[in-house]
Amino acid sequence: MDDKILHTLEYRKILNKLMQYTQTPMGRLAAEELKPSGDFEGVKRLLQATDEAVNVDRLKGIPSFGGVSDIRPALKRASIGGMLGTSELLSVGNTIGGARRVKRFLAAMHEDEKIEMLYALSDLLSEQKHVEDAIRACIDEDANILDSASSELANIRRELRGGEARIREKLDSMIRSSSVAKMLQDQLVTIRGDRFVIPVKAEYRSHFGGIVHDQSGSGATLFIEPESIVAMNNKLRETRLREEREIEIILHRLTDLVGGIAEEMAYDVDILGQLDFIFAKARIAREMKATQPRMNDRGYLKLRKGRHPLIPAEHVVPLDAELGNQYSSIIVTGPNTGGKTVTLKTVGLLSLMSMSGLFIPAEEGSQMCVFDAIYADIGDEQSIEQSLSTFSSHMTNIISILKRMTPKSLILLDEVGAGTDPAEGSALAIAILEHIHRTECRMIATTHYSELKAYAYERKGVINASMEFDVQTLSPTYRLLIGVPGRSNAFAIAERLGLPGAILEHARGEVKEEDLRVEHMIASLEENRLTAEQERERAEVIRREAEEFRKRQQLELEKLESQRDKRLEKAEKDASAILDKARKEAEEIISDLRRLALEEGASVKEHKLIEARRRLDEAEPAPRKKAVSRAAKAPRQLQPGDEVKLPSVNQKGYIVELSGTKEAVVQFGVMKMKVNVSDLEFLASAPDQPAPALRRATTVKRTRDENVRSELDLRGANLEEAIMETDRFIDEAFLGNLGQIYIIHGKGTGVLRTGIQEYLRKHRHVKSYRLGNYNEGGAGVTVAELE
């Protein structure tokens with residue numbers, strides 16, 4: 001793509017904005033060197049990568065490239081045997097760590113949302129954690145060599161610290177001496193050239209032995225190394241040289257590690273730059289509120305509410321345009337300052353952006369084309385240095401375009417034929433446009449010449465367009481109107497500004513009848529367009545309302561289906577809960593039977609219990625039925641021997657005896673239960689023959705007495721008695737269908753409370769327990785929730 005075209009369409013300004021969103025030098029360089037591509041498949045891949053990055057940004061944010069830097073110069077030096085410094089090695093370690101974090105981030109993202117291109121790219125990053133660990137074990141975050149880098153270095157630095165401490169101690173004792181203190185400018189120890197010295201007044205130089213290393217600017221102070229510590233300083237210097245040699249050994253060792261992976265790391269740096277660049281495109285798309293265009297290579301372009309990305313959002317007017325379907329050329333006519341040039345630049349710049357893999361600031365559904373080249377002649381290119389007039393400059397550009405254009409090019413011409421005699425200019429403009437149109441490339445041109453309106457009207461594949469102008473406010477609206485040629489509006493503007501009517505009438509008389517008819521025709525077209533647009537807007541409103549109604553109906557249907565599914569699911573759960581409850585109650589009753597049998601000496605055969613449990617396991621909860629009246633449950637007075645059913649446990653049995661008019665003892669297999677008559681359903685009358693003698697069975701009394709107590713007072717009882725009472729109390733409460741009970745044990749020493757709570761924790765009927773609240777008795781009461 002011609003750099004001059006990129007400059008004309010302000011493409012470089014987009015790249016400058018893109019560079020601001022990069023995080024690495026490599027990404028910044030990639031953004032700076034970005035150029036539009038004419039490869040259709042390549043552009044689709046670029047846009048797919050940007051789309052994946054936009055999805056990552058939307059779901060989890062942009063990954064951090066912190067610590068990643070351009071280490072390629074260091075890698076090259078390490079590969080040829082040079083020694084890297086601590087800062088360079090630290091950069092290598094940070095880059096390895098940054099690459100690993102980016103790779104893991106995108107791998108985790110790929111599991112949640114498929115990002116095939118980004119994942120494939122990040123998966124190429126190598127894992128060099130062993131090198132990173134080796135560097136971090138030797139170099140801290142401030143690029144200093146750690147004592148732990150080697151045992152030898154640790155020993156040397158211990159010697160250094162010891163030597164320095166001894167020298168300071170020696171010097172401190174000297175400067176505290178009264179005989180020496182009077183000769184010192186300041187009572188302090190300082191360093192000059194790695195040697196410990198003290199500041200001595202110049203007049204005492206002859207009285208003070210040692211080596212002078214420096215003097216103050218005024219010459220009044222000499223920095224002298226006392227003779228008594230010269231040997232100690234020499235020893236310290238030797239130790240520092242040993243430290244430097246050991247550090248060099250460590251750096252060479254780390255450099256060799258880096259040199260061994262230099263090729264892989266150079267490749268990783270390139271990949272990190274590409275990833276950073278792709279995510280920068282996602283960030284600029286978010287900032288511009290841009291969308292992904294649908295690309296084609298057949299010369300079709302359709303912009304929906306396209307916006308120039310360099311015009312502030314509060315000032316930009318969205319552009320709707322279509323090119324390449326029913327017409328391949330658009331001729332935009334109308335006065336200056338109407339927005340014709342901005343329209344050309346918007347189409348051109350958005351085409352360049354899409355061909356560079358960037359999203360464009362337009363609504364979803366916009367389509368862009370991959371052109372082999374975009375040519376533009378926009379603005380005043382007059383050159384004083386080349387002695388070219390405005391007309392000559394335009395002609396030079398157009399001639400260059402005519403030589404290079406192909407059927408797959410996009411041509412943008414601003415004020416074609418301007419800058420010369422109107423008659424010759426219009427004729428030349430028609431000839432140029434006709435030649436370009438015959439080439440079958442895509443073209444948008446702007447002009448002042450009214451003759452081009454007739455050309456566009458008569459020529460197949462060419463259509464008129466204009467920039468809308470509000471005569472009432474005497475200002476342009478900057479909206480592109482396809483199919484309507486532009487009007488000058490000169491008479492209307494002059495009349496609104498107050499030009500006398502006589503002058504206006506005279507002016508109208510000077511206009512040719514043919515031109516007046518054209519103006520009237522254009523006015524009629526514009527009126528019809530406005531009417532059609534209003535009708536279209538009303539139709540769009542009706543369509544949206546119908547669509548919203550359809551969506552609401554769909555949501556209602558989905559809601560009803562969801563409610564139906566939830567109710568069916570709840571019914572299944574309720575049925576399962578009923579069965580579980582029946583089984584649980586039966587197991588508890590059988591357990592109670594065993595316990596009572598042991599206590600009372602009753603004979604309950606184990607195989608009978610197993611058989612009863614098997615029948616209970618095979619039982620299924622009865623389907624829900626509507627509540628029936630008591631009369632339906634008991635059509636007549638129940639008698640001993642009648643077959644009845646207890647719906648709460650879905651079991652059948654027969655009445656053994658009646659306890660008054662409200663309770664009956666019912667035999668269910670091996671179990672007897674005392675239940676309310678109102679809870680029974682009559683099934684069949686007792687047989688005429690006498691019932692056979694029944695075996696002695698343990699009787700379990702289950703009542704629904706509303707007077708079952710909900711609290712138990714254990715104060716004064718010992719722990720064993722209390723547990724027995726608590727066990728009996730819980731059984732009664734459970735059979736009485738109580739959900740919550742209160743056990744009063746008092747505060748005392750806490751032994752009774754602890755024992756009771758330990759017993760509750762293991763009891764099968766106790767769901768949970770807690771100490772009482774302030775208004776329930778506090779720590780003297782335990783409140784238990786029963787299942």
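Is Ala684 buried, partly exposed or exposed? In this predicted model, where residues are numbered from 1 along each chain as its sequence is written, local features need pLDDT of at least 70, side-chain atom pairs count only at pLDDT 80 or more, and totals for chains, interfaces and linings use all residues. Side-chain values use heavy atoms, with hydrogens and water left out. Ala684 has a relative accessibility of 26% and therefore counts as partly exposed; buried means under 20% relative accessible area, exposed over 50% and partly exposed in between, for a 1.4 Å probe and protein chains only.

Ala684 belongs to strand 19 (residues 681-684). Helices (H or I, at least four residues) and strands (E, at least two) are DSSP runs, numbered from the N terminus. Beyond its neighbours within four places in sequence, Ala684 is in contact with Asp642 and Glu643, contact meaning heavy atoms within 4.5 Å. The C-alpha atoms of Ala684 and Leu638 are 10.0 Å apart in space, and these residues are 46 apart in sequence.

The protein chain as a whole contains 23 helices and 24 strands. Of its 787 residues, 41% count as buried. Among the contacts in the protein chain with a separation of 6 or more, 67% are between residues 24 or more positions apart.

Two packed helices are described by the angle between their axes and the distance between the axes. Helix 2 packs with helix 3 (residues 25-32) at about 170°, the axes being 9 Å apart; axes are lines fitted to C-alpha atoms, for helices over the stretch in contact, and angles run from 0 to 180 degrees between N-to-C directions. Helix 2 is therefore roughly antiparallel to helix 3, a term for angles over 145 degrees. Arg12, Leu15, Leu18 and Met19 of helix 2 make the contact with Arg28, Ala31 and Glu32 of helix 3.

Most residues other than glycine have a negative phi. Glu10, which is not a glycine, has a positive phi of about 60° and lies in the loop between helix 1 (3-8) and helix 2 (11-19). Asp194 likewise has a positive phi, near 65°, and is found in the loop between strand 1 (190-192) and strand 2 (195-201). With a relative accessible area of 39%, Asp194 is partly exposed.

The charged end of Arg192 sits over the ring of Phe223, 4.0 Å from its centre; this description requires NZ of Lys or CZ of Arg within 6 Å of the ring centre and within 35 degrees of the ring normal.

Note on methods
Angles under 35 degrees count as roughly parallel, over 145 as roughly antiparallel, 65 to 115 as roughly perpendicular and the rest as oblique.
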